[in-house]
Amino acid sequence: MKTLLVDIENANNLKAFLNAVEKLGFVKSVKLVELDVNETDISSVKEPSGEYNWINPSRPASENEIDELIDAMENPVGEHPTEDVRKSLKKWSAEKPR
C-alpha cells in the first residue's frame, strides 16, 4: 500500500478531489489529515543542517568531502573490476530465460 500526500489550497477543490478519489475502486481509504505547523514539509529532514552533524542529508557536503568522493569514484578499490562485472552481466543475460 502506498500513501499519497496532496496539497490543495482551495477548500472547495479539496472536497471535489476527495469525493472523486473516494469513488475509485482501487483506493482503500481517503482521509483528511491535518499537519502540525512544524510538519508542513514532511519530505525534509527534521534536523538543523550544520557541520556538527555530518550524517544529516540536508547538510551540504564540504569541498573536501566532494573531492574525496570524486577520488573514490575515479580510483575504485573494489573487488570487482568494471570489465569483470560487464562480462558477468553479459553471461547472466544470455542465460536468462526470455
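Welcome! Arg 86 has a relative accessibility of 53% and so counts as exposed (over 50% relative accessible area; buried means under 20%, partly exposed in between, with a 1.4 Å probe and protein chains only). This is a predicted model, in which local features need pLDDT of at least 70 and side-chain atom pairs count only at pLDDT 80 or more, while totals for chains, interfaces and linings use all residues. Residues are numbered from 1 along each chain as its sequence is written, and side-chain values use heavy atoms, leaving out hydrogens and water.

**Overall build**
- The protein has three helices and zero strands (DSSP runs numbered from the N terminus: H or I of at least four residues for helices, E of at least two for strands).
- Along the sequence, the pattern reads α-α-α.
- Of the 98 residues in the protein, 5% are buried.
- The accessible surface comes to about 9,700 Å², and 55% of that belongs to carbon and sulfur atoms (Shrake-Rupley method, 1.4 Å probe).

- Helix 3 takes in residues 82-95, and its 14 residues reach 20 Å from the first C-alpha to the last, close to the 20 Å expected at 1.5 Å a residue (1.5 Å times one less than the number of residues).
- The side chains of Arg 86 and Glu 83 form a salt bridge, at 3.8 Å from N to O.
- Both Arg 86 and Glu 83 belong to helix 3, where they sit three residues apart, about one turn of the helix.
- Glu 83 is partly exposed, as its relative accessible area is 43%.

**Surface patches**
- Glu 63, Asp 67, Glu 68, Asp 71 and Glu 74 form a negative surface patch (residues with over 30% relative accessible area and no salt bridge, like charges joined within 9 Å and nonpolar side chains within 5 Å).
- Glu 63 has its place in helix 2, which covers residues 63-74, and with a relative accessible area of 60% Glu 63 is exposed.
- Leu 4, Val 6 and Phe 17 make a nonpolar surface patch of about 280 Å².
- Val 6 lies in the segment before helix 1 (11-22), and at 37% relative accessibility Val 6 counts as partly exposed.

Key. Salt bridge = Lys/Arg side-chain N within 4 Å of Asp/Glu carboxyl O. Lys, Arg positive; Asp, Glu negative; His and termini not counted. Charge placed at Lys NZ, Arg CZ, Asp CG, Glu CD.
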